[in-house]
Amino acid sequence: MQVWNMWGGLIYLLAPRDVKVEEEEVVVQEAVTAPFYKSGVTKAADWSSLRQAPAPWAEMEFDNIILTVPSHIIRELQSPLEVEKLWNGIMKGVADLAVIPQKFIRKERIVADVQISAGWMHAGYPVMMHSSIGAELFNPEDARTKGLWGETHELGHNQQRSYWEFPPHTTEATCNLWSVYVHEEVLGLNREKVTLFFF
């Protein structure tokens with residue numbers, strides 16, 4: 001089997017959990033290494049060289065979320081552990097309020113791109129945001145002083161359930177339960193001091 005894509009992009013090789021792959025050969029041609037960080041796998045000491053990998057897209061994978069951004073956004077990122085701590089805390093807060101297991105069945109994703117389906121950000125799989133603001137995903141200090149209202153608003157949308165919604169009246173309201181909870185309980189910010197965005 002051969003697959004190709006003339007536009008490029010990240011390559012993912014995924015197998016179902018119950019499948020054992022033995023003696024398979026995968027050949028990748030005309031590809032370059034992408035900056036990639038994975039919790040528990042990537043050593044912090046290796047990050048300074050990994051972040052300089054030449055592909056135009058980068059990913060950072062934490063316990064319950066994967067962040068995909070243009071590579072230039074993370075080239076100067078010195079401390080992936082601080083970003084990991086931030087997002088692991090945020091996603092623990094999302095799980096706590098949703099009363100779901102701390103280990104997500106499927107990790108959430110946020111992708112920053114130049115053209116998205118709707119608005120400035122939108123929920124779904126993945127959550128999408130404009131690449132012009134992608135750097136805020138990797139700035140723990142700003143997150144703890146200004147907040148990440150838009151991102152937690154969209155992650156809140158992904159936790160909403162139809163049986164406790166009254167669409168369209170509550171759709172843009174109950175998702176903010178996660179924004180308020182994460183900002184106050186995880187980031188230590190009073191909701192009145194958070195930079196608010198409406199989507």
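**Exercise 1: An aromatic pair**

At 1% relative accessibility, tyrosine 37 counts as buried, in what is a predicted model. Determine how the rings of tyrosine 37 and tryptophan 47 are arranged.

Solution. In the pair of tyrosine 37 and tryptophan 47, the ring centres lie 5.8 Å apart and the planes meet at 85 degrees, so the arrangement is edge-to-face. This pair joins distant parts of the chain, with tyrosine 37 in strand β1 and tryptophan 47 in helix α1 (residues 47-50), 10 residues apart. Tryptophan 47 is likewise buried, at 1% relative accessibility. Finally, ring pairs connect Tyr37, Trp47 and Phe62 into a cluster.

**Exercise 2: Tryptophan 178 and its partner**

State whether tryptophan 178 is buried or exposed, and classify its pairing with tryptophan 164.

Solution. Buried residues have under 20% relative accessible area; tryptophan 178 has 4% relative accessibility and therefore counts as buried. Its ring forms a stacked pair with that of tryptophan 164, at 6.2 Å centre to centre and 25 degrees between the planes. Tryptophan 164 lies in the loop between α4 (149-157) and α5 (171-174), whereas tryptophan 178 belongs to helix α6 (residues 176-186), 14 residues apart. At 31% relative accessibility, tryptophan 164 counts as partly exposed.

**Exercise 3: A nonpolar surface patch**

Which residues form a nonpolar patch on the surface, and how is valine 28 classified by accessibility?

Solution. The patch consists of Ile11, Leu13, Val26 and Val28, which together have about 410 Å² of accessible area. Valine 28 is located in the segment before β1 (36-38). Its 48% relative accessibility places valine 28 among partly exposed residues.

How values were computed: Residues numbered from 1 in each chain as written. Predicted model: local features only at pLDDT ≥ 70, side-chain atom pairs only at ≥ 80, totals over all residues. Heavy atoms only, no water. Patch = residues over 30% accessible without salt bridge, like charges linked within 9 Å, V, L, I, M, F, W, Y side chains within 5 Å. Areas by Shrake-Rupley, 256 points an atom, 1.4 Å probe, with all protein chains shown as cover. Salt bridge = Lys/Arg side-chain N within 4 Å of Asp/Glu carboxyl O. Helix = DSSP H or I, 4+ residues; strand = E, 2+ residues; numbered from the N terminus. Buried < 20%, exposed > 50% of the residue type's maximum accessible area, 1.4 Å probe, protein only. Phe/Tyr/Trp six-rings, centres within 6.5 Å; stacked < 30°, edge-to-face > 60°.
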